[in-house]
Structure formats: C-alpha cells, structure tokens
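Welcome! Here is a short tour of a protein with its ligands, written to be read with the model open beside you.

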Amino acid sequence: MSHTPSVAAPTGPLHTRHGVCNLCEAICGLTFQVQGDGAQQRIVGISGNKADPLSRGHICPKALALKDLHEDPDRLRQPVKRVTVDGEHRWQTIGWDEAFDLVVEGLARVREQHGSQAVAVYQGNPSIHNWGNVTHGHLFFGQLKTRQRYSATSVDQLPHHLVSHWLYGHQLRLPVPDIDRTRFMLVLGANPMASNGSLMTAPDIRARFKALAARGGKLVVIDPRKTETAAIADEHHFIDPGSDAAWLLSLIHTLFDEERVNPGALAPLLDQIKAVRDAVAPFRPETTATHTGIDAATTRRLARELAEAEGGVVYGRMGVSTQAHGVVCQWAIQVLNILTGQLDREGGALLPTPALNLIGLQLMGPGHFGAWRSRVRGAPEFGGELPVSVMAEEMLTPGRGQVRALVTSCGNPVLSTPNGRQLDQALAGLDFMVAIDFYRNETTRHAHVILPPTCFVEHDHADLVFLHLAVHNVARYSPAIVPPAPGTMHDWEIHSELARRYARRTWALERGSVLQRLRGLATRGLMRRLSPRTLLAVGLKLSAKAARRQGRPALRLRDLLAHPEGIDLGPLQPSLGETLQRARRRIGLLPLGIRQELPHLVALFAGAPMAEPAPDATGPLKLIGRRDVRSNNSWLHNSARLVSGKPRCTLWMHPRDAAARALQHGQAVRVASRVGDITVPLHLTEDIRPGVVSLPHGWGHDRPGVQLQVAQAHAGASLNDLSDDHLTDRISANAAFSAQPVTVGPAT
Ligand SMILES: Nc1nc2c(c(=O)[nH]1)N[C@H]1C(S)=C(S)[C@@H](COP(=O)(O)OP(=O)(O)OC[C@H]3O[C@@H](n4cnc5c(=O)[nH]c(N)nc54)[C@H](O)[C@@H]3O)O[C@H]1N2
Ligand SMILES: Nc1nc2c(c(=O)[nH]1)N[C@H]1C(S)=C(S)[C@@H](COP(=O)(O)OP(=O)(O)OC[C@H]3O[C@@H](n4cnc5c(=O)[nH]c(N)nc54)[C@H](O)[C@@H]3O)O[C@H]1N2
Ligand code: SF4
Ligand SMILES: [Mo]
C-alpha cells in the first residue's frame, strides 16, 4: 500500500476556523483554513492565531502534523481485531458493536477467573491533552476496580505532584514561573526551547525569554548539555547528571550560611525552617562542587542572585524529575522559592487561577502516597497509581494477583517506559489486551482489539488541566475543525459505551448493596449522556462564586463560544497564601519522606570529594535524554514532514570520550546497559559534558506488526530498550532516566 493521503483534492468554499493545537502543553491558538462542505471538508492551511491571548500567534512545525494525522492512511478509523492464522497475526476490521462485545467479554472473563487485580490500565500522555479522556475516562476505568493502574505520570512529573501534595496539600497546586514578569530565572533539567515548556504552559517561549532579557532580567541554565535553551541564556553551567539534589541543597545551605532567608508574605504559614537549616548543614557548596561540577563561588553567587531578585524563580523539569533523587530535587526547588520569598509573589512562582478549577470543584483529589504497594517489588502508589517501572514484572511474575489483561489508552509504553523489551515480552504473554488508540504502534500491536477514537481536529476541545499551569490566565473553548468521518467515535463516547456494557456484564460481580449498585448505574447512565461540552457548561456555572470572590468575571459557555480565540483573564496573581489560610493549612517545610532520605544524600554527596575521571577513561558513561522540536514523544514520526532531513536518533558524545574509545563521528555504535543494547549513529559535539551521552526517546519503530509506514522507514532505536526498570527515584519510584550507566563501543 502506498502512503498517500486518503482525501481527494480540495474543492468548494473556503472556511476560516479557530482552534488550538493540543499536541504539547503550550496549547497554541491556531487558525485553520478548511475547504469544502459536509464530509468532504479538508484542512488546507494552519497558522498561528495572533488574537490568542496566550500564544499570540505562535506555532511550531508540529502543528502541521494535525493535518497529517487527520489524513494519515495508517490511522485507524474502524475497530480492528487480531486473529491468528497459521501462527501468523492478521488484523481484521470489525464493527463497533462486535468490538465492544469482544472487549467487555475478554475483560470480564479474566476478572471472573483471576479477580479484578488481574486487569491493569495504562493511560498515556494524551489522556490529559484530550479533554474527553479527562471528563469520561474514569467512568470505565473506575469500574474495573483494580489497583493495577499506571500512567505516563511515573515516567515524568510524579515528583512534582508528590511534593505539592506534601507542601501545599494538593497534587495539582503546582506553582509556575511568572515568566512574563520575572527578573531572574534559574532553569534546571528543562529545555523549553525544544519542548515548548512543561508544567509551565508558555507558548512562544523564545519571545518570553527575549522580553526577560529586554527588561534587564537574567536566565541561567543548569544542564549536562548545552541545550537550545542554554544557547540563549545569560549563563549555562554543565552539571554532572543526577547530582542536582546536592547542588540545590548547597543553594539552600548558602541562604542560611549567608543569612539570606527571607520568606516574605508566606512567613506566618511556615513550619520547620530550623529543621531545614540543620538538614542542609552538611551540603557546603565547597563540599558538593566535586560531585556536581559547579564551583562553590558560582553556587554561592547564584543563591544570592535568587535571594536578591525583585521577582525571581527556580524552575526544574524532566531532567531533575526523572532521576534517582527526583523528589528531593523538586522539594528543594520549592524550598528555595519559599525561603527567598519568591513563592506566591509577582515575578516569582505563582498558582494560575483557571476559570474552571479542578481543585476548587473537587474534581481532582489532593493525592495520597503509599496507601498500598505493588505486589512484586513493593513500590508505593501515588494518587491511586503504581509506578509504571513495575508494570512488566507484575505481568511476568506468577502468583496470586498476577496481571493477565491490560487496557491502554493514549499510550505507547513499549517505547516510553523503562526496559521496553521486557514489557514487549510481557504484553505478548497476556490473556487479553485492548487499546484505545488510532495507531497500531509498538504497544497496541499486542492488543486483541483496538478501538480507534477520532483525532484532534475532529472533536471540540477545552483545556481542563493545562490552564492550571499556564503563565497567563485565559479561558478557551474550540469547536471541532472538521466533522468526524461517518461511523467514528470520540474517546469520551468509547469510554461511555464501555462503561455501560461492562456494568451490565459484570453486574453479578459487583459488591455493595443493590441500592448502591443501582446508584452507580444511574450515575454512569447520566454521565454518558453528558458530553464534555455540557460538563464544561455546568463546571463554569459552579465556578461562578469562586470567580467573583477572586474578582474575575463569572464566565458562561456562551462567552467562550463568542470568543473562539480565547478570553484574556489577566496575569497571574498571588493566591496560594490566601488559599492555604482559607483551608487552615500550614506549610511543613521538611516532610518525613525528605527527612528520612537526606542521610543517604549526605553519604553520597557530602563526604569525601569524588576522584576526577582520567581524560582517557573508557568506563561507563552517563546516559541522558533529549527532545527535538519536531518530535512528540513516540507518536508523530508517521508525519513525513516531521521526520525528513538527517536522522535525529543519534548518540551525542563529547570528542574526548570518543577519542578515548577510538570512535569517529558518524559511525554506528553499540550502546549497552544492564537491560539491553541498541545500535545508533554517533554524533560528536562539545555541547555535552564529558562523561555524558545523550539519546532522544520515542524511536525504535522497526518492530514487526506495526502499521506506521513513514515511521518504519525512519525507525531509529528505542532509548528505553536501554533504560533500566530498576533505576527509579528512591522515594516515589518514578523512572530515573538520567545518569543511567551505559558502555559505548563500535557496532559489530
Ligand atoms: N527515556 C525516556 N523515556 C521517556 C521520556 C524521556 O524523556 N526519556 N519522556 C516521558 C514522558 S515525559 C512522557 S509524557 C511519556 C509519554 O509516553 P506515552 O504516553 O506512553 O506515549 P506517547 O508517545 O505520548 O504515545 C501517545 C499515544 O497516544 C495516541 N493518541 C494520541 N492522541 C490520542 C487521543 O486523542 N486519543 C487516544 N485514545 N489516543 C491518542 C497516539 O497514537 C500514541 O499511540 O514518555 C516518557 N518516556
Ligand atoms: N518537541 C517536543 N516537545 C515536547 C515533547 C517532545 O517529545 N517533543 N514532550 C512533551 C512532554 S510529554 C514533556 S513532559 C515535556 C518535557 O519538557 P522538558 O523537561 O523541558 O524537556 P526535556 O527536553 O526532556 O528537558 C530535559 C532537560 O534535562 C536535561 N537533563 C538530563 N539529565 C539531567 C540532570 O541530571 N540534571 C540536569 N540539570 N539536567 C538534566 C536534558 O539535557 C534536557 O535538556 O516536553 C513536552 N514537549
Ligand atoms: S508549541 Fe507546537 S506542538 Fe506545542 S501546542 Fe504549539 S503548535 Fe502545538
Ligand atoms: Mo511528559
């Protein structure tokens, strides 16, 4: 089959429609040119919407992939089931009715035979980007009554949630940099120039950084690689991967040592300041310098600059979240912002106040930690989910509670979670698997049934989560850009229908009184008739009181409909102190989990200085990740325009390390870790710290049974065939991707 768009050449009238791009957290406002009428409508142009109060016309190359995705012949538009003929897997298109029956029967049977804990759920990243999953995902998943729940959170931002839960009483109280007004921004382990910002919805980050420079502000980047963000920063310091916790503790140490602790307006709410002072006492910048690679004078100066800034902020993302000390890093970042008075202050770190607030409406719980543990390894749950690093072993380890069935939605854990090969093997051995996804990718190829939802431009959208993380308050609702193909279903409709049929099928398995069960049925029956849009309208109504209290207009759905480009709700305002006071909550600065962990960090980083490795050493190198503007995790490589040009799945290495191993630029190298090995081309650059190598994730599309023709022709290799499922954050068991030890040699 040739890879040609499935749509005829456009004819008919031209329409202009406003929408958003929800591929990444920036959620840029877009203007679509659509040609034709009825079912024949086709997108002929996509541009940034200058009227959008948040993105102000910004667009990146990925936005055009919304059209490619819409037209992609590889994208599934009807359910498929996997059948085995003469030992070979074949895929058959089936109707929705048959597909739902197969799924419900397959899952119910595993539950009847092995109990509800034998069914696992994995929800990937677009579960948050596509609002139908946010509003309706819980209907069906909740009914499965399983503690075997996993998501992309535990290969990503789990430490942020845990720290916010501990310090501010809610997992979603995630302060974001007030980037448009700050005068000093210290960035660790984030590369917003490539990622467009994360836990910081800040479209057009380049313009925002330029404005920071123009008002005399300063940008400082701490990263083992001289990234695209480091390249435009005022200062960049290479750091040894995985040592950030020690460096951050030294910054806190300096604040106490030089008497610069000044928490400002939050001071009356703080407890345990002295305990923090004692805890960081061993971390003198002079002691940690040999571990981090950042000299003591620089560390002390940056602590001072933060303390003195009239609006300054420390911000850390993936690089400091997905490492062995991820929770300590995120805790230390919050403590730095608090002790310098930069939290809840203009130009510092602030909590956005979205029109529809999931915390205020109690639509998202505050989180809980360690309420139960995984069966095999004893890893702690957070907020009802287990860390995905344990998912494969829960499938592969026999015994009571072994996982035998899986539902995935919006995810590709074979490429995106540690030790992907092991998970590949585990999925192949499941009794039953179903995937809600429009691609047959490296993960969903293991499914018995795939239920494909409509794609982004075919459904309406309002951001329910990322506006809690936006650097400027806005409200937006975007209708669908083009009508869905006849006979297709949205994610929320798939979830509703699964919930309805599964409830009927498993009625006899449910516990609780008949009345309770009837009430459950009625709630689900009601919910499945309410579209996300109706729920948005209700949510806005319920938010009216809170809006007036905060001095904001009480918005209705019709206001949003009248302004498809978005409504400007103004800059961020201090609100955390007031919120905590209203909830009668104080901030305990040294949670028990941190207090118990610090002695380990003392042993690692505050003891004897580390010996400098010899320049010609050929021992293990520390592997870190890398993002590129034209990739989006594992799943946009089927857009020809996004994979054109030179191969990007290359290993970056410092020339010194290459010379020590007699390796040349461009040659194929074998990279090996405890769990596996891959072969990739070598790219030499001085922009990486000696001793460190870097690879992007989300490649490795050469597995059999995948239906992604363009991606297969640009397969690359998967970083997560190397990452070790046993290297995790010591507190939360979030994946510790950074600083994984690997050896590199010529490919044979
Ligand atoms: N080594 C390493 N690994 C990493 C990372 C790293 O930096 N290094 N980053 C991690 C991070 S931050 C993340 S978030 C994860 C992402 O990991 P995952 O969420 O597991 O994977 P994605 O690559 O985002 O795949 C998304 C899938 O959702 C499907 N999809 C897209 N839109 C929709 C939709 O609207 N509905 C449905 N039903 N499906 C949809 C796509 O077809 C695709 O199959 O990867 C993580 N893995
Ligand atoms: N183009 C593009 N945009 C994306 C995505 C994508 O795949 N492509 N993914 C989206 C998703 S799901 C997310 S979560 C965000 C992530 O957004 P970011 O966190 O901004 O993205 P990364 O590029 O992974 O940045 C991590 C940085 O940490 C550095 N690093 C690695 N290890 C260490 C360490 O030990 N210490 C320090 N200090 N730094 C370290 C890396 O060199 C890298 O520069 O991006 C989102 N946006
Ligand atoms: S930065 Fe690019 S991918 Fe992200 S929302 Fe904007 S246009 Fe989409
Ligand atoms: Mo992510």
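## Around ligand 2

Which helices each supply at least two residues of the shell around ligand 2? They are helix H6 (192-195) and helix H13 (318-321); helices here are DSSP runs of H or I of at least four residues, numbered from the N terminus, while strands are E runs of at least two. The shell around ligand 2 holds 31 residues, and Asp223, Asp244, Arg627, Asp628 and Ser631 come nearest; a residue is near when one of its heavy atoms lies within 4 Å. By class, the shell has 11 nonpolar, 13 polar and seven charged residues, where Ala, Val, Leu, Ile, Met, Phe, Trp, Tyr, Cys and Pro count as nonpolar, Asp, Glu, Lys and Arg as charged, and the others, Gly among them, as polar. Ligand 2 lies between domain 1 (158-354 + 587-602) and domain 2 (613-748), because both give residues to its shell; the domain bounds come from an automatic or database assignment.

Now for the atoms. The side chain of arginine 627 places an N or O atom 2.7 Å from an oxygen of ligand 2, and lysine 62 has a side-chain N or O atom 3.2 Å from a nitrogen of ligand 2. Serine 631 uses a backbone N or O atom, 2.6 Å from a ligand 2 nitrogen. Of the 920 Å² of accessible area that ligand 2 has on its own, the protein covers 97% (Shrake-Rupley method, 1.4 Å probe).

## Around ligand 1

Ligand 1 is surrounded by 30 residues, with Tyr122, Asn125, Ser416, Asp437 and Ser634 the closest. Its shell divides into 15 nonpolar, 11 polar and four charged residues.

Asparagine 130 has a polar side-chain atom 2.8 Å from an oxygen of ligand 1. A polar backbone atom of serine 416 is 2.7 Å from a nitrogen of ligand 1, and a polar side-chain atom of asparagine 720 is 2.9 Å from a nitrogen of that ligand. The protein covers 98% of the 920 Å² of accessible area that ligand 1 has on its own.

## Helix H14

Helix H14 covers residues 326-339. Just after H14, glycine 341 takes a positive phi of about 75°.

## About the model

This is a predicted model: local features need pLDDT of at least 70 and side-chain atom pairs count only at pLDDT 80 or more, while totals for chains, interfaces and linings use all residues. Residues are numbered from 1 along each chain as its sequence is written, chains are lettered from A and ligands numbered from 1 in the order in which they are written, and side-chain values use heavy atoms, leaving out hydrogens and water.

Notes. A polar contact is a pair of N or O atoms within 3.5 Å; within protein, one must be able to donate a hydrogen and the other to accept it, and residues adjacent in sequence count only if both atoms are side-chain atoms. The expected span of a helix is 1.5 Å times one less than its number of residues.
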